[in-house]
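Hi everyone, thanks for having me. Let's bring the model up on the screen and walk through it together.

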Amino acid sequence: MSDVFEGLMIPFLGTALGAGCVFFLKDTLNRSVQRGLTGFAAGVMVAASVWSLLIPAMEGSADLGQFAFVPAVVGFWAGTLFLLVLDHIIPHLHMNAQQAEGPHSRLSRTTMLVLAVTLHNIPEGMAVGAIYAGWLSGSEGITLGAALALSLGIAIQNFPEGAIISMPLRAAGMGKWRAFAGGVLSGAVEPIGGVLTVLATALIVPVLPYALSFAAGAMIYVVVEELIPEMSEGEHSNIGVLSFAVGFTLMMMLDVALG
């Protein structure tokens with residue numbers, strides 16, 4: 001179980017280290033740098049959704065024959081709709097946006113920034129939890145290396161994400177320690193979501209393909225609804241596209257090399 005605990009904590013550590021950049025860098029990130037980091041995160045999440053989640057989900061349903069895609073399709077749509085609902089019931093503010101989304105709220109802009117990143121991190125925690133649950137259940141095709149690859153990939157993209165949330169908080173007037181805490185707090189949902197997913201999937205092993213694809217659907221929702229618009233905003237959006245390709249290929253290499 002120590003391997004599982006460590007695996008669930010690795011992505012959170014990536015966020016915390018990134019949030020620590022508030023102590024060493026300027027209060028704001030260059031807009032092109034933000035687009036590049038956002039594109040990189042999107043690439044990692046798309047590759048992880050395909051190689052680490054959807055393909056294992058369909059392989060785990062091989063006994064269904066030509067209908068092996070059904071759990072993946074059902075889980076993917078469930079994850080997408082789950083994030084859609086959260087998007088509508090939780091007030092949050094995306095980076096560089098002027099108007100908050102979700103129900104009207106008196107929450108501060110900084111609080112809603114943290115909530116936006118927290119929403120982003122929920123599916124990542126579920127994804128890591130689902131793949132470690134698959135390894136614990138002895139699912140064919142899911143190795144400890146594959147689970148570790150997903151943890152590392154998400155941790156790598158969480159590092160810039162931690163900086164992207166903590167530094168605007170500092171620029172908005174927060175003290176450095178409070179801005180750091182805000183960045184760390186946004187990532188705390190990942191190990192919590194991971195543990196809950198492991199426990200739920202361990203109780204009902206047959207739901208594993210659905211859990212894997214559920215996490216994939218939730219992550220793709222975040223990529224399309226939030227990350228792609230942010231990385232394409234303004235001029236020189238090719239920076240985001242190239243960074244997306246870097247993130248995608250890095251996650252793909254990690255999954256093949258370790259999995």
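The largest nonpolar core in this predicted model has 44 residues. By nonpolar core I mean buried Ala, Val, Leu, Ile, Met, Phe, Trp, Tyr and Cys residues joined through side-chain atoms within 4.5 Å, where buried is under 20% relative accessible area with a 1.4 Å probe, protein chains only. L53, I131, Y132, L150, L212 and L227 have the most contacts inside this core. Among the elements giving two or more residues to this core are α2 (31–59), α4 (109–136) and α5 (144–171). The most, 12 residues, comes from α8.

Which residues does L150 touch, leaving aside neighbours within four places in sequence? They are A48, S52, L53, A127, V128, I131 and M251, with contact meaning heavy atoms within 4.5 Å. Another core, of 10 residues, lies apart from the largest one and includes L93, V114, V117 and I165.

Now the whole chain. It has nine helices and zero strands; these are DSSP runs, helices being H or I with at least four residues and strands E with at least two, numbered from the N terminus. The radius of gyration is 18 Å, close to the 18 Å that the globule rule gives for 259 residues, so the chain is as compact as a globular protein of that length. That radius is taken over C-alpha atoms, and the rule is 2.2 Å times the number of residues to the power 0.38. Of the 259 residues, 52% count as buried.

A last note on method: residues are numbered from 1 along each chain as its sequence is written, and side-chain values use heavy atoms, leaving out hydrogens and water. As the model is predicted, local features need pLDDT of at least 70 and side-chain atom pairs count only at pLDDT 80 or more, while totals for chains, interfaces and linings use all residues.

Conventions:
Buried < 20%, exposed > 50% of the residue type's maximum accessible area, 1.4 Å probe, protein only.
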